[in-house]
Amino acid sequence: MVVGGAGYIGSHTVRLLQSRSVPCVVFDNLSTGHRQAIPDDVPFVQADLADREAIGRALQEHKIQSVIHFAAKCYVGESVTEPSKYYRENVFNTWNLLEEMRTHNVMRIVFSSTCATYGNPVQVPMDESHPQKPINPYGHTKLHMEHMMGDYSTAYGLSYAALRYFNAAGAASGGCLGEHHEPETHLIPLVLQVALGQREFISIFGDDYETPDGTCIRDYIHVDDLGDAHLRALCQLEAGAQELHVNLGTGTGFSVKELIEMAREVTGHAIPARMGERRDGDPPQLVSGGTRALDLLGWKPEKAALKRILEDAWSFHRKHPGGYE
Ligand code: UFG
């Protein structure tokens, strides 16, 4: 069962499961996901993780054996002003899910964690042994989720994979699926909206960071590569792995300025940029380190090039200038 399977990363993973003939069911409340992103022939349960009965029913009726859990609130800024929402939706609702899984003896889960659980980098790149000291409620809730699963693993035998993504980006080839958030706050879709003429310019949030060009550096990872890592993690759990904590990134960082320049090349649009203030809570650099994903999952990103990521995102945006609507 893919919880949050109508969302950005979830829908790409569902498509991958389908292409590999792995049967799945999508469970999503469509609060931020899109019905159009789920293939018609995939069973869909529209329900909320606050509704334990609905979770139990879905697990039972569809004879679920494993869960991939994407459903969460994920805006760092909003988490600072509305932590209650984040603790309820991310922590409490995940507890609901785990309780129902326990009741129905579904004891495997792969879930979306994040590099935001590390907080400010004490070294770059960051491998999985980096201290986990989140600096915002979003990161706190994701770390709580990791801890909850660890404790359920020890006490009840739950096996789990916490996949710590860096910056999810890109879109399925061909432009059929992509990134559509309301409101949009992520750099790549915003930059592409400028290229589409929907925005006048992109604001660069700060150019006085301690990085070579003064703008923040991020590790952008293709959403299809993330999907592939979920399937591999699931296979490892099925093969007997108990607890996995794995970074998912390319190991290469790009600055905001470099990304905008590459987007100009890909789209052929001038993409005007203006310098703005720093955004609260943005660490200067987030780049994935270590070889655990390769060692444990045999995973390495196949679509790692930033140009490829931007080309795929651009195909989606050109085909769907209004997103899925
Ligand atoms: N940025 C701009 N202008 C914009 C939007 C973003 O300059 O209009 C910059 C940000 O300051 C940041 C970079 O572009 O330096 C990337 O920003 P995003 O909002 O695209 O992504 P984040 O790095 O903030 O967030 C991502 C995930 C979060 C996760 C976080 C971990 O989207 O879910 O990484 O730190 F929590």
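**View 1. Buried residues of helix H1 in the predicted model.** Tyr 8, Ile 9, Gly 10, Ser 11, His 12, Thr 13, Val 14, Leu 16 and Leu 17 are the buried ones in H1, where buried means under 20% relative accessible area with a 1.4 Å probe, protein chains only. That makes nine of its 12 residues, so H1 is largely enclosed by the rest of the structure. The cover includes strands S1 (2-3), S2 (26-28), S4 (67-69), S6 (159-165) and S7 (167-169), plus helix H7 (223-238). Helices (H or I, at least four residues) and strands (E, at least two) are DSSP runs, numbered from the N terminus. This is a predicted model, so local features need pLDDT of at least 70 and side-chain atom pairs count only at pLDDT 80 or more, while totals for chains, interfaces and linings use all residues. Residues are numbered from 1 along each chain as its sequence is written, and side-chain values use heavy atoms, with hydrogens and water left out.

**View 2. The end of H1.** Just past H1, Ser 21 has a positive phi of about 60°.

**View 3. Polar side chains at the ligand.** Arg 279 puts a polar side-chain atom 2.7 Å from a ligand oxygen. For Arg 218, a side-chain N or O atom sits 2.8 Å from an oxygen of the ligand, and for Asn 167 a polar side-chain atom is 2.9 Å from a ligand oxygen.

**View 4. The shell around the ligand.** Here 22 residues surround the ligand, the closest being Tyr 138, Leu 187, Ser 203, Arg 279 and Asp 282.

Notes:
Buried means under 20% relative accessible area, exposed over 50%, partly exposed in between (1.4 Å probe, protein chains only). Contact means heavy atoms within 4.5 Å. A residue is near a molecule or strand if one of its heavy atoms lies within 4 Å of it. A polar contact is a pair of N or O atoms within 3.5 Å; within protein, one must be able to donate a hydrogen and the other to accept it, and residues adjacent in sequence count only if both atoms are side-chain atoms.
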